[in-house]
Amino acid sequence: LKGPHCSISSCVVRGGSASGAMGGKAKAQKHTAAEINKKAFEATVNRGGGSAGIKDRQGGKAGHAKYKCNICGQAAPDPKSAEAHWDSKHLKLGNFDINNWTDVHAEVGGITTCGIAVRGGLPDKQRGIHKAPLRAACH
């Protein structure tokens with residue numbers, strides 16, 4: 001029903017819309033706060049990815065802790081934690097020296113996780129991530 005004979009009131013009665021809610025040119029896309037928050041959350045969360053994603057979240061071959069005690073095998077994320085462990089468990093064996101601890105990350109090439117299931121805010125190509133070399137380095 002188009003034409004000069006169709007007034008706004010008659011279009012509304014016949015099923016048209018006076019407010020123009022059907023969209024049109026230059027109208028901003030509307031999203032709810034929940035949709036925006038969900039998109040931001042999913043862009044950074046490391047979830048999914050199947051068995052490769054599980055291994056990645058567990059820290060790859062090395063795990064998340066960088067250092068390993070040469071006496072008992074206890075893992076430590078940093079030298080300060082390693083020293084605290086040494087002081088509480090092995091102080092009788094001598095002074096703490098980080099060079100005696102095993103650097104587990106260096107043993108596996110320095111790469112522990114790849115973030116396989118992290119989507120990110122932009123497509124991989126725009127973030128400078130090229131999947132083939134990155135995944136090859138993780139496995």
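pLDDT is the predictor's confidence in each residue, on a scale from 0 to 100. The structure shown here is a predicted model.

**View 1. The whole chain, with its confidence.** The mean pLDDT of the chain is 75. Of its residues, 62% reach 70 or more. Among the elements, helix 1 (residues 8-13) has the lowest mean pLDDT, 52. Helix 4 has the highest, 95. The chain holds 6 helices and 3 strands. Read from the N terminus, the order of elements is α-α-α-β-β-α-β-α-α.

**View 2. Surface and burial across the chain.** The chain has 139 residues, and buried ones make up 17% of them. Its accessible surface comes to about 10,500 Å². Carbon and sulfur atoms account for 55% of that surface. Now take the contacts between residues at least 6 apart in sequence: 50% of them join residues at least 24 apart.

View 3. Helix 4 spans residues 79-89. Its buried residues are A82, H85 and W86. Seen down the helix axis, these buried residues fall within an arc of 100°, so they line one face of helix 4. An α-helix has 3.6 residues a turn, so residues three or four places apart point the same way. K80 and S88 lie on the other side of helix 4, and they are exposed. Which strand do the buried residues of helix 4 pack against? They pack against strand 2, residues 75-76.

**View 4. The largest nonpolar core.** This core has 6 residues in all. Helix 4 gives A82 and W86, both among its buried residues. Y67, C69, A76 and W101 are also part of the core.

**View 5. W86 and its contacts.** Leave aside residues up to four places away in sequence, and W86 touches N70, I71, L91, L93, G94, N95, F96 and W101. W86 is one of the buried residues of helix 4. W86 and W101 both belong to the largest nonpolar core.

**View 6. An aromatic pair.** A search of the whole structure finds 1 aromatic pair. F96 and W101 form this pair, and its geometry is edge-to-face. The ring centres are 6.1 Å apart, with 65° between the planes. W101 is buried, with a relative accessible area of 6%. The cut-off for buried is under 20%. Both F96 and W101 are touched by W86.

View 7. H90 sits in the loop between helix 4 and strand 3, residues 102-103. Its relative accessibility is 9%, so H90 counts as buried. Beyond residues up to four places away in sequence, H90 touches C69, I71, C72 and H85. Of these, C69 belongs to the largest nonpolar core. H85 is one of the buried residues of helix 4.

**View 8. L93, an exposed loop residue.** L93 is found in the loop between helix 4 and strand 3. With a relative accessible area of 59%, L93 is exposed. Which residues does L93 touch, not counting those up to four places away in sequence? They are I71 and W86. L93 and I71 are 22 residues apart in sequence. In space, their C-alpha atoms are 9.8 Å apart. I71 is also touched by H90 and by W86.

How values were computed. Residues are numbered from 1 along each chain as its sequence is written. This is a predicted model: local features need pLDDT of at least 70, side-chain atom pairs count only at pLDDT 80 or more; totals for chains, interfaces and linings use all residues. Side-chain values use heavy atoms; hydrogens and water are left out. Buried means under 20% relative accessible area, exposed over 50%, partly exposed in between (1.4 Å probe, protein chains only). Helices (H or I, at least four residues) and strands (E, at least two) are DSSP runs, numbered from the N terminus. The arc is that of the directions from the helix axis to the C-beta atoms. Contact means heavy atoms within 4.5 Å. A nonpolar core is a set of buried Ala, Val, Leu, Ile, Met, Phe, Trp, Tyr and Cys residues joined through side-chain atoms within 4.5 Å. Rings of Phe, Tyr and Trp (its six-membered ring) pair if their centres lie within 6.5 Å; planes under 30 degrees apart count as stacked, over 60 as edge-to-face and the rest as tilted. Accessible areas come from the Shrake-Rupley method with a 1.4 Å probe; for residues, only the protein chains shown count as cover.
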